[in-house]
12 protein chains.
Amino acid sequence: MNRQLTILNGPNLNLLGEREPGVYGRTSLPQIEDDLRAAFPDVAFSFFQANGAGALIDRLHRAHADEAGGVVINPGGLSHTSVALRDAVAAVVPPVVEVHLSNVHAREDFRRELVTAGACEGVIAGLGPRGYLLAVRYLMEHASTGA
Amino acid sequence: MNRQLTILNGPNLNLLGEREPGVYGRTSLPQIEDDLRAAFPDVAFSFFQANGAGALIDRLHRAHADEAGGVVINPGGLSHTSVALRDAVAAVVPPVVEVHLSNVHAREDFRRELVTAGACEGVIAGLGPRGYLLAVRYLMEHASTGA
Amino acid sequence: MNRQLTILNGPNLNLLGEREPGVYGRTSLPQIEDDLRAAFPDVAFSFFQANGAGALIDRLHRAHADEAGGVVINPGGLSHTSVALRDAVAAVVPPVVEVHLSNVHAREDFRRELVTAGACEGVIAGLGPRGYLLAVRYLMEHASTGA
Amino acid sequence: MNRQLTILNGPNLNLLGEREPGVYGRTSLPQIEDDLRAAFPDVAFSFFQANGAGALIDRLHRAHADEAGGVVINPGGLSHTSVALRDAVAAVVPPVVEVHLSNVHAREDFRRELVTAGACEGVIAGLGPRGYLLAVRYLMEHASTGA
Amino acid sequence: MNRQLTILNGPNLNLLGEREPGVYGRTSLPQIEDDLRAAFPDVAFSFFQANGAGALIDRLHRAHADEAGGVVINPGGLSHTSVALRDAVAAVVPPVVEVHLSNVHAREDFRRELVTAGACEGVIAGLGPRGYLLAVRYLMEHASTGA
Amino acid sequence: MNRQLTILNGPNLNLLGEREPGVYGRTSLPQIEDDLRAAFPDVAFSFFQANGAGALIDRLHRAHADEAGGVVINPGGLSHTSVALRDAVAAVVPPVVEVHLSNVHAREDFRRELVTAGACEGVIAGLGPRGYLLAVRYLMEHASTGA
Amino acid sequence: MNRQLTILNGPNLNLLGEREPGVYGRTSLPQIEDDLRAAFPDVAFSFFQANGAGALIDRLHRAHADEAGGVVINPGGLSHTSVALRDAVAAVVPPVVEVHLSNVHAREDFRRELVTAGACEGVIAGLGPRGYLLAVRYLMEHASTGA
Amino acid sequence: MNRQLTILNGPNLNLLGEREPGVYGRTSLPQIEDDLRAAFPDVAFSFFQANGAGALIDRLHRAHADEAGGVVINPGGLSHTSVALRDAVAAVVPPVVEVHLSNVHAREDFRRELVTAGACEGVIAGLGPRGYLLAVRYLMEHASTGA
Amino acid sequence: MNRQLTILNGPNLNLLGEREPGVYGRTSLPQIEDDLRAAFPDVAFSFFQANGAGALIDRLHRAHADEAGGVVINPGGLSHTSVALRDAVAAVVPPVVEVHLSNVHAREDFRRELVTAGACEGVIAGLGPRGYLLAVRYLMEHASTGA
Amino acid sequence: MNRQLTILNGPNLNLLGEREPGVYGRTSLPQIEDDLRAAFPDVAFSFFQANGAGALIDRLHRAHADEAGGVVINPGGLSHTSVALRDAVAAVVPPVVEVHLSNVHAREDFRRELVTAGACEGVIAGLGPRGYLLAVRYLMEHASTGA
Amino acid sequence: MNRQLTILNGPNLNLLGEREPGVYGRTSLPQIEDDLRAAFPDVAFSFFQANGAGALIDRLHRAHADEAGGVVINPGGLSHTSVALRDAVAAVVPPVVEVHLSNVHAREDFRRELVTAGACEGVIAGLGPRGYLLAVRYLMEHASTGA
Amino acid sequence: MNRQLTILNGPNLNLLGEREPGVYGRTSLPQIEDDLRAAFPDVAFSFFQANGAGALIDRLHRAHADEAGGVVINPGGLSHTSVALRDAVAAVVPPVVEVHLSNVHAREDFRRELVTAGACEGVIAGLGPRGYLLAVRYLMEHASTGA
């Protein structure tokens with residue numbers, strides 16, 4: 001069973017915790033990563049954050065080349081605009097789950113268009129940092145049952 | 001701690017398992033309910049399914065009056081059209097998580113408009129029946145930490 | 001002269017007073033009904049609230065069958081979506097006045113579309129519970145002058 | 001051969017004959033039902049009218065459970081708005097034909113959007129009460145040839 | 001009683017039976033015409049097919065000049081674009097019924113716009129070649145009752 | 001208590017009574033003003049009509065400078081277009097109620113956009129000249145209760 | 001026969017001849033007025049130009065009060081935005097013909113929306129200063145034949 | 001000086017006089033042609049009517065090849081849809097004036113889009129058969145002054 | 001191997017070389033045809049130009065009946081509007097390549113909608129007369145490799 | 001060198017300082033004018049404020065007639081709607097810079113459409129009263145360098 | 001007082017001076033930087049140009065980490081599309097002013113949508129290289145007054 | 001004559017051959033590059049692929065600095081979204097031809113918007129890997145003839 005997961009975070013998520021905390025909360029990205037390691041001790045995580053779409057696509061391709069068991073991606077603002085990132089998700093074999101910290105459906109109109117989500121397996125939005133934990137749990141159960 | 005959860009299912013979800021299985025899978029609604037009871041033995045679940053928006057709103061109000069600890073709702077097709085159901089979600093105190101079995105972002109254009117989701121705490125879409133389990137897990141953790 | 005009026009309230013108006021009081025105020029629906037009875041002692045009111053469009057249409061048809069002198073309707077969220085309710089208003093003989101507690105023109109974009117209002121005689125919006133009183137007054141004067 | 005047909009009529013069709021006769025004609029719904037029985041004496045008709053989407057979906061599910069040979073539905077105003085009813089049509093096995101008394105393409109813009117029709121086998125619009133007769137004829141010929 | 005009917009078929013319907021059979025079926029246009037003659041032996045049919053809007057309008061004008069009892073038209077792709085053909089339908093005296101073999105409401109977005117239908121008496125769509133039979137039946141009954 | 005009210009009427013309302021009486025009725029503006037004076041003898045009314053947005057904004061500013069107790073405005077066609085008038089309503093202290101004689105929701109599409117109404121306290125539309133009376137009543141009750 | 005015509009020119013037409021001559025030509029407004037007087041010596045012209053909608057509406061009302069035989073209006077940029085001016089045209093009795101010097105259909109998108117034209121008797125656009133002459137000729141012939 | 005003019009009439013204008021007289025009037029096309037010949041005895045008119053865009057484009061090209069002094073075109077319903085006809089107008093040397101009998105700006109939304117007009121020199125709409133006379137007058141004056 | 005190709009040119013392409021040379025260049029259609037014959041001496045070309053959609057569809061059907069090896073089509077302005085021509089392309093067996101002389105993506109908005117292209121194998125736009133040569137080369141290579 | 005500048009302020013800017021100070025700040029218009037005089041002692045300023053578009057256009061024309069060296073305009077709400085004012089800016093010779101106190105791109109959707117700005121030389125928005133100073137500085141430098 | 005400013009330039013601004021000089025002028029980016037240093041000798045500038053959004057976001061984050069006193073950003077084409085860059089602007093503490101060399105409101109439609117500007121403090125557009133000087137001046141005055 | 005060509009491939013084209021082969025075929029990018037070298041042995045190719053827009057713009061600028069004879073670009077998903085890349089194409093001197101492997105006009109709606117193509121010389125879409133060969137051929141012929 002493949003327990004290698006890639007956790008991709010897009011633009012501005014490196015500022016998590018200090019960036020608009022009323023919207024995104026006060027948990028930092030390293031804390032989220034620690035929480036994931038603690039909650040899933042037998043998963044081999046690869047964490048990656050970048051502010052450019054190109055670097056995220058590169059890393060997604062690598063997860064594909066490395067035959068990762070799954071990918072959790074929070075594309076940040078690219079979720080609403082990047083056809084290139086959507087195509088990358090569609091191009092790779094590992095299942096991809098999209099996560100958003102905030103409830104994008106309750107914000108500005110332009111955040112209600114989810115370009116990348118259409119190529120993902122599914123989306124978890126608005127559940128804060130717990131969204132990452134649930135996405136990993138889904139991928140792990142998915143892997144274990146083959147469903 | 002409030003471990004009373006209401007699980008609301010909207011129109012056509014009573015046909016789950018036999019309805020368009022290519023889209024919605026082969027698991028029936030009773031099986032999903034059994035899985036929830038098995039996975040969360042210490043939660044007091046109230047299950048309710050109805051095909052009309054009025055009945056779902058009535059039931060949501062009752063969860064409010066009963067001071068339920070949370071609500072998981074799969075509004076089915078009403079998700080894309082019902083301002084009344086959205087207003088009901090906004091009107092009640094218990095946190096509400098919306099679940100969709102299929103990835104609505106990968107289907108017809110009219111399914112990409114999520115009217116009710118904007119009033120919910122968050123959304124889980126495309127992860128099949130596991131979406132209910134993740135939503136309950138979120139609400140239980142939410143309840144236990146008060147976060 | 002026909003002094004029988006039907007007052008119809010749509011989804012979530014049963015929660016009035018406790019529901020989003022910043023938007024809808026703190027007056028409950030029974031209080032509004034009491035105020036109407038007190039202000040118009042010689043009017044025979046029929047009050048009805050329901051959360052489903054079907055029940056509201058049924059009741060509107062009954063007002064028609066009973067040859068009510070007029071109807072005041074607050075369709076709640078159905079105002080923005082229900083062609084069926086609009087058709088019901090167009091189908092019945094008694095004059096119908098639509099009331100909204102909040103100023104729908106100052107809220108979300110989807111509340112600026114008034115589907116049902118196009119079939120009503122007129123609309124009063126944003127004047128709070130007084131809107132019901134003004135609507136009844138209009139219908140009573142209308143009835144007495146035949147204009 | 002299955003000669004059991006369900007004839008579903010949606011909101012406000014109970015007022016047929018007295019409701020906006022310039023648009024919908026002067027034939028009442030019972031007259032239409034009598035005409036159908038007279039024209040197709042060997043068909044076992046189930047007639048049902050309701051003003052709410054939920055009740056119509058319930059009844060459509062029953063036609064499915066009863067393995068009806070076909071369904072004729074006039075969804076009234078729900079035709080233009082109800083994704084839930086569309087999903088119900090898509091969920092059931094019996095072929096469904098949508099009927100409109102008036103020519104919806106010649107009326108208000110919002111009546112030109114036919115949400116439910118996309119899931120039906122076909123649509124007959126603008127041919128008045130004869131539309132029901134033609135739809136039943138189609139379903140009967142369909143049943144007899146298996147085409 | 002006027003039993004002269006004109007059956008107009010627009011662009012590409014001459015290829016019926018071999019053209020995209022998954023969408024349009026395997027019945028050829030001559031077969032449909034034979035079926036109509038067989039089913040309505042006492043109707044004097046004029047059949048006409050053309051790929052250009054101008055020729056169809058010419059022929060529609062002729063039906064008008066000849067005082068035909070009615071017209072059945074399948075405008076093919078012109079249905080979605082031709083204001084000129086729509087105006088022709090509006091200009092002529094004989095009642096016109098529009099027929100589509102496929103369910104245009106279940107196909108590409110641009111097929112959901114029915115320009116010509118708004119000027120017709122009604123529309124039958126998605127019922128395959130039977131649609132022509134039903135349209136003729138409607139026109140014949142219409143003629144015989146004068147309704 | 002401030003019983004000084006300004007009644008503003010926008011473009012073309014000076015022609016009331018002779019202008020499109022099928023839409024706007026046969027009551028003239030002076031008659032409406034007389035009716036208001038008669039119905040509210042203890043209110044000090046300032047009546048003003050102008051066909052230009054600038055003059056209406058000037059007058060609205062004066063009502064503000066004079067600390068009027070409220071303003072009733074019928075912006076006529078400016079209601080659908082004038083951001084400047086909307087900004088003026090938002091800029092002044094006295095509560096403003098918008099009145100339309102006809103039911104703007106039942107007319108041309110461009111009349112369904114109410115630009116100025118979003119900055120008003122509320123709107124009364126479609127109730128004819130009585131709309132002014134109801135608006136004044138609302139402002140007077142508002143003033144007396146401070147609610 | 002009423003040979004009194006009002007010629008109304010809207011915003012910026014006072015600058016004609018020096019304003020964007022590539023678009024509007026080099027003929028000044030006084031020259032156009034002289035040409036009209038010369039071409040129609042037995043017509044009593046009232047010429048009026050203003051840059052504000054209010055003044056134009058006032059003047060249009062006056063033409064109505066004076067029972068002018070017709071009005072030629074070049075609303076300039078107001079043509080594309082002013083519902084108030086459109087309503088004024090609809091409110092007055094004399095026939096109104098709209099004139100544009102440039103071909104508005106060949107310019108920016110926002111000039112293709114002709115708000116006022118819908119209430120006029122007709123429109124002449126793109127024929128330069130001759131448009132005024134043709135419009136007057138139309139009104140004079142119209143008056144003389146009563147057609 | 002070139003006094004050869006081509007008068008092109010598009011789809012359905014051959015039915016003028018009997019076609020929707022409430023909209024298009026009771027004057028027939030031959031009468032219009034006679035009126036033109038009578039009013040402009042020294043102009044060599046070529047009259048042409050066709051219901052298809054191809055034939056109109058062919059004829060427009062011929063006017064170009066014949067070096068006509070100008071063209072008056074009433075494209076009928078093609079005005080709102082035909083890019084091909086628009087391109088033809090742009091391709092030819094003789095000046096083209098578009099004429100509409102009815103005021104297209106006062107009718108259905110789809111008639112407010114004037115595709116062909118953008119390539120013409122100008123447009124005259126809503127002035128009935130006189131529109132042709134005015135267009136010819138414009139072209140003749142244009143030719144005589146060279147402006 | 002099938003070396004019979006049909007080259008279809010739509011409206012106004014007969015004027016190539018003299019028509020808006022700044023946009024479409026100075027090469028005439030006969031020159032393009034000569035260049036094709038010279039470049040592909042072993043291809044049997046059928047050249048056809050027409051200004052009407054009907055004639056182009058007729059000719060496309062003939063290429064189908066003749067089992068042509070491929071079709072190059074420049075639909076001119078019909079590319080942006082003709083669903084009928086698109087359906088014809090979809091209906092025929094030979095592969096069809098669409099060619100545009102100018103870069104339609106760099107011109108008016110209405111030229112950016114390519115209706116017919118969606119049914120073609122591909123599109124070459126903006127490369128001038130060379131586009132025809134490249135399209136033929138593609139079809140010949142396609143034919144020779146069967147790919 | 002021309003050091004005569006006109007500073008135009010549109011509707012509601014006379015209320016600056018007391019009008020929605022959270023949006024527009026607490027500086028009054030006279031203070032802004034004083035600041036400009038103090039900062040540019042060798043500039044001859046003409047200050048003008050009006051609430052109507054007509055008056056602003058009149059004043060803009062005067063700046064043109066007076067051969068002003070430049071104009072700073074804050075059109076207020078007219079910025080989003082007035083084609084007439086845009087045309088006035090395009091019609092005059094002096095360079096015009098548009099200023100907005102608030103950041104219009106961060107407010108309601110209808111404020112993101114800048115109609116007048118397209119005809120101006122440039123726009124400064126969101127920098128508060130300093131925007132006027134910067135605009136004047138730009139015009140002065142522009143004048144001195146002739147660039 | 002913090003006199004450290006970051007000047008960010010986005011895609012293609014490295015080609016300034018040689019790139020479309022009719023639109024963007026002939027001043028190169030190094031010249032602009034020299035002009036800024038000369039005009040503000042006591043400001044510590046950090047200049048940065050990149051063609052990718054990721055690098056610009058990285059650099060914006062660094063300005064935030066370095067506690068810069070302000071940022072001037074010309075996002076080039078990213079201004080119209082990048083939600084990620086907008087989010088970066090919203091995430092950082094230093095005030096950000098957006099600059100455009102050309103007047104984006106006078107160009108293609110897609111340049112009128114300013115995605116990033118909504119998160120900035122303000123925008124200066126169309127004033128050429130002087131826009132940078134004015135933006136720096138604003139930030140310096142802002143810093144010195146703390147307003 | 002300049003025989004140096006740059007071949008740019010955008011996001012995800014490095015996965016060609018294994019990525020959604022049903023859509024993009026089974027030819028890898030190195031194979032396409034080999035085919036180009038084999039077909040044009042006297043062309044000096046520079047091949048470059050990157051997943052980020054910034055890197056592609058950088059490389060396009062280099063082709064400009066190196067005075068390449070032309071550029072073939074397949075922008076992948078960036079074609080539909082990147083104004084920055086479009087601006088880069090417009091900024092450089094070498095002619096640029098856009099290539100798409102699949103027929104973008106036959107896919108999702110968002111792929112029908114070609115942002116970058118408007119700045120290119122032309123587009124070849126849907127002809128698979130042969131598109132690159134045809135684009136190079138065009139650029140070579142272009143170079144040799146200077147046309």
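How many salt bridges are there between chain H and chain G? The count is four, a salt bridge being a side-chain nitrogen of Lys or Arg within 4 Å of a carboxyl oxygen of Asp or Glu. In one salt bridge, the side chain of H:Glu113 meets that of G:Arg112 (3.5 Å, N to O).

The model is predicted: local features need pLDDT of at least 70, side-chain atom pairs count only at pLDDT 80 or more, and totals for chains, interfaces and linings use all residues. Residues are numbered from 1 along each chain as its sequence is written, chains are lettered from A and ligands numbered from 1 in the order in which they are written, and side-chain values use heavy atoms, with hydrogens and water left out.

Chain H contributes 26 residues to the contact and chain G 26 residues (heavy atoms within 4.5 Å). The two chains bury about 2,200 Å² between them, 51% of it on carbon and sulfur atoms (accessible area, 1.4 Å probe, lost on being put together, summed over both). H:His105, H:Leu127 and H:Arg130 supply 28% of the area that chain H buries against chain G, more than any other three residues.

Strand β5 (residues 122-125) of chain G runs antiparallel to β5(H), joined by three bridges. Strands are DSSP runs of E, at least two residues, numbered from the N terminus. G:Val123 stands opposite H:Ala125.

Terms used
Pairing = 2+ DSSP bridges. Helix = DSSP H or I, 4+ residues; strand = E, 2+ residues; numbered from the N terminus.
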